[in-house]
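I opened my notebook to look through a structure with its sequence alongside. Here is what I looked up, entry by entry.

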Amino acid sequence: MANPLNLPMVGRSLRNLVSRPATRRYPTEIRPRFAGARGTIEFDVETCNFCMLCARRCPAAAITASREERYWAIEQLTCIGCGVCVDVCNKGSLSMSVNSRTVHTHADVGPQGQRPGHEEWRKPALAAEVPSGS
Amino acid sequence: MDKTTFLARVEEYHEAGWRLALINATTIMPGAGEGMEQGAFDVAWAFARGTELETIRERIMPGDEMPSISGSFGAAFLYENEMRELFGINVTGLGLDLKGQMYKTATRIPFAPSAIRARLEALGRAEPAARHGAAAAPAPAEKTA
Amino acid sequence: MKRTVIPMGPQHPVLPEPLVLDLILEDEKVVDAIPTIGYVHRGLEMMVERVEYTEMGFVVERICGICSFMHGMGYCVSLESIMNVEVPERARWLRLIWAEISRIQSHLLWLGLGADAFGFENLFMHCWRMREEILDIFEKTTGGRIIHSVNRIGGVKRDISDSELAAILVKLEELGAAFKQTAGVFGSDPSIAHRLGGVGVLTTEDARSVDVVGPMARASGIATDTRLIGANGYDQLEFEPVVETAGDCLARVVVRMREIDQSIDLVRQAIEKMPKGEGMPLENRPRGNPLGEVFTRLEQPRGEVLYYVKANGTKNLERFRARTPTFANIPAMIKLVKGCDLADVPNIIVTIDPCISCTER
């Protein structure tokens with residue numbers, strides 16, 4: 001039953017010899033993600049007014065912020081990449097980059113013992129805002 | 001619940017060619033009404049035939065026996081094991097008894113009224129605004145806004 | 001005769017998710033099978049206590065990676081039903097298109113797993129290579145390959161422009177043509193016919209008595225399809241349920257292959273019938289909190305999924321229950337496995353298209 005002169009098979013083998021591979025040579029060749037892909041959340045502390053909407057609306061509770069402390073932090077490893085915070089931010093401080101989050105290891109603990117993937121920012125108050133006589 | 005009438009109704013559905021679509025229990029918390037100091041369970045049996053869906057609804061008190069419908073619908077054992085394991089409903093006559101090892105939950109009966117109450121208290125559900133966004137950094141006398 | 005017990009699982013090459021079946025054998029014949037599940041029970045239904053109803057959609061779509069889109073859609077459809085929100089027309093069509101593309105992706109995944117189950121790894125790779133085209137479509141249109149997060153209560157978050165839709169249709173037609181060759185292999189290869197033909201036969205009467213849903217029922221001659229209810233825009237499309245009568249593993253393969261072609265046809269019809277243009281409303285945001293309860297049924301790739309949602313007027317739902325199709329098909333799986341040969345057990349298990357994470361939530 002096995003025919004050594006199996007012509008369709010011979011044709012296919014010859015075609016495979018000269019054609020390009022069907023796979024990509026990852027990690028040397030990485031396909032860039034498409035525009036609009038949901039990757040990592042990026043934050044610009046300069047424009048943030050600490051309205052706390054992003055922290056309230058985050059489904060995974062990955063964002064913590066404080067209006068009084070002028071402090072904003074995100075746990076990148078808790079973030080599910082849904083993009084709700086980007087949508088609700090009125091100031092455009094949050095944006096979604098297409099690149100996936102970097103890999104974190106257990107050793108990446110923050111200086112105050114924060115979890116790997118913890119990113120925080122503080123925005124110093126302007127001089128005019130500091131109450132006098134404090 | 002009147003077991004004989006209930007089982008007869010279920011058998012009617014089976015004879016008429018309906019398919020068992022769902023057996024679901026919902027916990028009713030204690031104090032929701034008369035005679036419900038221990039809470040109760042609202043159980044729904046849903047039957048489907050073609051594009052139609054009909055349900056039988058019964059209220060089961062904790063400790064009440066709930067008869068299995070495996071006599072009419074053999075596929076009911078999975079739903080009934082889940083109800084016994086997650087809700088603590090006393091199901092009698094199970095088709096295939098998975099002996100409480102179906103889900104292997106950490107809390108023994110996670111949807112019992114007492115377990116739900118304990119979780120809601122731990123979440124402090126009276127103050128939903130405090131769930132999200134409270135500062136993680138040390139802050140003096142932080143108010144729950 | 002002496003009986004041996006062979007535990008199959010929880011890790012096994014044919015299983016996409018962990019499942020244990022203790023197979024009791026006499027010689028090579030399985031006489032009994034005792035299931036144990038619970039390895040991926042994550043208590044997602046309990047999350048309604050912690051997570052508000054606006055956010056629960058994100059939890060629900062993460063019940064399973066393969067059926068993810070329709071879980072999100074089903075949750076949103078249930079809440080829209082409770083809150084009396086009407087979804088804008090273009091959003092409804094977009095959901096339908098994404099749902100059918102999700103069905104194609106799921107069936108291609110399953111065909112690959114099915115081929116891997118009887119050792120045909122080359123075919124597995126071909127099916128998954130085709131599936132990559134679908135995942136690229138999802139990444140371009142929703143931002144994510146597996147978890148899409150485009151469904152919102154009241155509509156969808158993103159639009160697909162008419163030109164993109166035309167390009168998607170071209171891609172799907174190319175896929176359909178390429179798939180014909182793979183389908184030919186499934187149909188004509190003698191080893192596949194030998195391993196799947198006549199194995200795990202579920203007769204029509206047995207199928208009715210164990211209450212199976214989805215392609216399993218359709219492969220046993222029962223013409224049931226939840227899309228025939230006509231909700232969510234399906235009443236505007238023309239299609240017939242794909243039915244085979246043999247009831248064996250090969251019939252289930254054929255049903256799913258024909259459903260891929262059917263889904264491509266449904267996407268083509270949907271793109272023709274949907275309103276064209278830019279800047280149409282996509283979301284009707286509801287106001288207030290939901291109050292009431294509803295049973296919603298959708299046709300997931302594996303069969304009929306039934307959602308029961310009960311809301312009590314607060315921001316947290318009182319009860320959310322997703323009865324997924326595999327939950328309904330597991331009794332059939334146990335019934336089929338009894339009486340078969342040991343070598344056929346992986347084939348039978350994989351032909352019910354088990355999605356254990358959906359079953360256990």
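**Entry 1: a strand pair.** I started with a definition: two strands pair if DSSP finds at least two bridges between them. I also noted that this model is predicted. Then I looked at chain C. Strand S2 (residues 20-26) of chain C runs antiparallel to strand S3 (residues 29-36) of chain C, and seven bridges join them. I picked out one bridge: Leu25(C) is partnered by Val30(C) in S3(C). What do S2(C) and S3(C) form? They form a hairpin, with two residues between the strands. Asp27(C) sits in the turn and has a positive phi of about 60°.

Entry 2: I kept a general rule in mind here. Most residues other than glycine have a negative phi, and most peptide bonds are trans. I looked for exceptions. Met52(A) is not a glycine, yet its phi is positive, about 70°. I found Met52(A) in the loop between S1 and helix H2 (53-57) of chain A. Ser149(C) is not a glycine either, and its phi is positive at about 55°. Ser149(C) lies in the loop between H4 and strand S4 (151-152) of chain C.

Is Ser149(C) buried or exposed? It has 24 C-beta neighbours inside 10 Å, so it counts as buried. Met52(A) has 19 other C-beta atoms within 10 Å, so it is partly exposed. The cut-off for buried is 20 or more.

I also found a cis peptide bond. It joins Tyr26(A) and Pro27(A), with omega about 0°. Pro27(A) is in the loop between helix H1 (7-18) and strand S1 (40-43) of chain A.

**Entry 3: the core.** In soluble globular proteins, nonpolar side chains tend to be buried together. I looked up the largest nonpolar core and found 163 residues in it. Which residues have the most contacts inside it? They are Met56(C), Met333(C) and Val337(C). Helix H3 (residues 89-117) of chain C gives the most to this core, 16 residues. I then followed Met56(C). Leaving aside neighbours within four places in sequence, Met56(C) contacts Met47(C), Val48(C), Val51(C), Tyr75(C), Leu317(C) and Phe320(C).

**Entry 4: where two chains touch.** I turned to the contact between chains C and A. Chain C brings nine residues and chain A brings ten. On the chain C side, helix H1 (53-60) and helix H4 (121-142) each supply at least two residues. H4(C) has the largest share, three residues. I sorted the chain C side by class: two nonpolar, three polar and four charged residues.

Note on methods: Residues numbered from 1 in each chain as written. Chains lettered and ligands numbered in written order. Predicted model: local features only at pLDDT ≥ 70, side-chain atom pairs only at ≥ 80, totals over all residues. Contact = placed C-beta atoms within 7 Å. Helix = DSSP H or I, 4+ residues; strand = E, 2+ residues; numbered from the N terminus. Nonpolar A, V, L, I, M, F, W, Y, C, P; charged D, E, K, R; others polar. Buried ≥ 20, exposed ≤ 12 C-beta atoms within 10 Å, placed from the backbone. Core = buried A, V, L, I, M, F, W, Y, C linked by C-beta atoms within 7 Å.
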